[in-house]
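Student: I'd like to learn how to read helix packing and sheet layout. Could you walk me through a case?

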Amino acid sequence: MEWSPGRQQTIRLCVNSHDIERTVEARQSLADFLREGLRLTGTHIGCEQGACGACTVLMDGAAVRSCLLLAVQSNGATITTVEGLAQGNRLHALQEAFHKLHGLQCGFCTPGILLTALALLREQPHPTETAVREALGGNFCRCTGYQAIVEAVLHGIATSRGR
Ligand code: FES
Ligand code: FES
């Protein structure tokens, strides 16, 4: 599909296992499209400059900053947001670990951190603490001091059985 500024374009993508077709403004960010177009408000927007990681989602399995992408760039892609982690009433192992080990306080950073951790889990099923800290280096948290987050990620990965 050709990109053309200032116009509406139709995109087709898969979001959290649902096939979706929408017409979007060519200049709308992926973060705004997820939040406003699809009402998936678990994707948080902090800086809108690629610095904080709050808007992280998975695109074709890779952790990306949805504030830096245009919705039209997701055409044909598979997107996972935090709303896609649980299966029915069953939380993902990473979510259970954050709950059990108090890996969050206000929770603003948590969706982005969970998606970053999920990408790490799929790349490295047995990461070291150092690898977890490196992976989370672009996800800012103003509340926790990170120790509980790192422990929750390590526990969640260990109990996830690769999912
Ligand atoms: S809102 Fe996207 S990186 Fe901060
Ligand atoms: S828990 Fe508040 S910003 Fe991380």
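Tutor: Axes are lines fitted to C-alpha atoms, for helices over the stretch in contact, and angles run from 0 to 180 degrees between N-to-C directions. Helices (H or I, at least four residues) and strands (E, at least two) are DSSP runs, numbered from the N terminus. This is a predicted model, where local features need pLDDT of at least 70, side-chain atom pairs count only at pLDDT 80 or more, and totals for chains, interfaces and linings use all residues. Residues are numbered from 1 along each chain as its sequence is written.

Student: At what angle do the axes of helix 2 and helix 5 cross?

Tutor: Roughly 140°, with the axes of helix 2 (residues 93-100) and helix 5 (residues 147-159) coming within 8 Å. Angles under 35 degrees count as roughly parallel, over 145 as roughly antiparallel, 65 to 115 as roughly perpendicular and the rest as oblique, so helix 2 and helix 5 are oblique to each other.

Student: And how do I read the sheet?

Tutor: Strands of a sheet pair through backbone hydrogen bonds, either parallel or antiparallel. Two strands pair if DSSP finds at least two bridges between them. Here five strands make an open sheet, ordered 2-1-5-3-4, with mixed pairing. Strand 2 and strand 4 (62-65) are at the edges with a single partner strand each, so one side of each has no neighbour in the sheet.

Student: In which sense do strand 1 and strand 5 pair?

Tutor: Parallel, over two bridges. Look at Cys14: its bridge partner in strand 5 is Thr78.

Note on methods:
Chains lettered and ligands numbered in written order. Heavy atoms only, no water.
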